[in-house]
Amino acid sequence: MRDFLLRSLKHKSYKFLAVGGSTVAVVALILILGAQKNFGPQQYGQLIVAGLGDGAIYALIALGFVMIYTVTGIINFAQGAFVMLGSMIAVTLYASKIGGTGATGLIVAALLAIVATTAIGVIVERLTIFPARNADSLTLIIITVGVYITLQGLALIFWGSNARILPAFTTVATSDLIFRPGGIVLKAQSLWIWGTTAVVLALLMVFLRRTLLGKALRACSVNRYAARLMGISPSRMSIFAFGLAAAMGAVAGIVLAPASRPIYDMGLKLGLKGFVAAAMGGLVSSPVAVLGGLLLGLTENIAAGVTKSGLKDIFAFIVLIAVLLRQRRQMGRGLE
């Protein structure tokens, strides 16, 4: 027993030194590369602001991955399509003035877009996942990839290949309100993105812990067989999971739209980065997925800032490879 405790402490010490040493090396490398571009606190602050904005969007998308995986065991690679649909539907509804003009029209368009995307998520579950509910995991993953390609193709037919514009939430105009705290450029839409992510996460926690439906979803995520014995229908929970994930994807797309230009193929990159964030928590932890999204946004923006902006997307997938290799090594230790 004494030898086991000593070996355990020794292993933890080595692990702590390795993590600490790696962190110091990465920070030193960033500072060296930043110094070559004459970066100061203002430049680093700008990169952090941009990283937290991107990271909040990745966090919302990652929550959709976690919701579906924990309840159904499916990795839904169509999650990015829900982000695209939310933003494109909102743009179309706002342009049609179905809810009027100005702020009222924007609110109505956003709410209807969330409802429509949620309905699409439910339809996708019933038409594609439910008929193949007894298939193996690989088949279900391929189905979700097929769903994404189909939705993207339909979006191309309906909206074309031109990027669209949704007005900023604060000004309800193309130009946004800009703050300059400490010389750092901060758009008001970034505050909307951070606030929306915080509200969605809080509402999700309340829903899962305080409501009967949320507790049923949690029961299915723990043990679907035991939940069925308690009278909970896993099939019905699968519908709720897809609907809820689609709604969160739509919210991410709508709040992101004024800060970017929505286009039919925007979901692929966002969906993959959301998957990276969710994978950091093993696809089962909502809080870790949110932290993973923020960490991913900071990592890719700072890394691209001190190197080249064109390399931004590469760093996200370097993180994904590192996360998957780490999880595979942990699984290997578990089998030993």
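Where is the place of isoleucine 68? Hello everyone, let's begin there: isoleucine 68 sits in helix H2. Helices here are DSSP runs of H or I with at least four residues, strands are runs of E with at least two, and both are numbered from the N terminus.

A quick word on the model. It is a predicted one, so to speak: local features need pLDDT of at least 70, side-chain atom pairs count only at pLDDT 80 or more, and totals for chains, interfaces and linings use all residues. Residues are numbered from 1 along each chain as its sequence is written, and side-chain values use heavy atoms, with hydrogens and water left out.

Back to isoleucine 68. Its relative accessibility is 0%, so isoleucine 68 counts as buried; buried means under 20% relative accessible area, exposed means over 50%, and partly exposed is in between, with a 1.4 Å probe and protein chains only. Leaving aside neighbours within four places in sequence, isoleucine 68 is in contact with Gly73, Ile74, Asn76, Gln79, Ala241, Phe242 and Ala245. Contact means heavy atoms within 4.5 Å. Proline 234 is 166 residues from isoleucine 68 in sequence, yet their C-alpha atoms are 12 Å apart in space.

Now the helix itself. H2 has 32 residues, which should span 46 Å at 1.5 Å a residue, and the end C-alpha atoms are 45 Å apart, which agrees. That expected span is 1.5 Å times one less than the number of residues. H2 is mostly covered, with 23 of its 32 residues buried. Just after H2 comes glycine 73, with a positive phi of about 80 degrees.

What does H2 pack into? The largest nonpolar core has 72 residues, and Ile57, Met67 and Leu270 have the most contacts inside it. H2 gives the most to this core, with 12 residues. By nonpolar core I mean a set of buried Ala, Val, Leu, Ile, Met, Phe, Trp, Tyr and Cys residues joined through side-chain atoms within 4.5 Å. Take isoleucine 57: beyond neighbours within four places in sequence, this residue is in contact with Ile193, Ala252, Val255, Leu256 and Leu270. There is also a second, separate core of seven residues, including Ile74, Ala132, Leu140 and Phe242.

Next, the second largest pocket, with a volume of about 890 Å³. It is lined by 31 residues, and Asp54, Leu256, Ala259, Ser260 and Lys312 lie nearest its centre. Which element gives the most to the lining of the second largest pocket? H2 again, with seven residues. By class, the lining has 16 nonpolar, six polar and nine charged residues.

Points are joined across faces, edges and corners, and the volume is the space filled by probe spheres set on them. Ala, Val, Leu, Ile, Met, Phe, Trp, Tyr, Cys and Pro count as nonpolar, Asp, Glu, Lys and Arg as charged, and the others, Gly among them, as polar.

On to helix H5, residues 137–159. Its 23 residues should span 33 Å at 1.5 Å a residue, and the end C-alpha atoms are 33 Å apart, which agrees. Its buried residues include Leu140, Val147, Tyr148 and Trp159, and what covers the buried residues of H5 includes H3, H4 and H10. Valine 147 has a relative accessible area of 9%, so this residue is buried.

Is threonine 117 buried or exposed? Threonine 117 is buried, because its relative accessibility is 0%. Alanine 119, also in H4, counts as partly exposed because its relative accessibility is 37%.

Most residues other than glycine have a negative phi. Lysine 97, in the loop between H3 and H4, has a positive phi near 60 degrees, and at 54% relative accessibility this lysine counts as exposed. Valine 172, in the loop between H5 and strand E1, has a positive phi of about 50 degrees; at 23% relative accessibility, valine 172 counts as partly exposed.

Methods: On a 1 Å grid over the protein atoms alone, a cavity is a set of points where a 1.4 Å probe fits but cannot get out, and a pocket is an open set with protein on both sides within 12 Å along at least five of seven lines; lining residues have an atom within 4 Å of a point.
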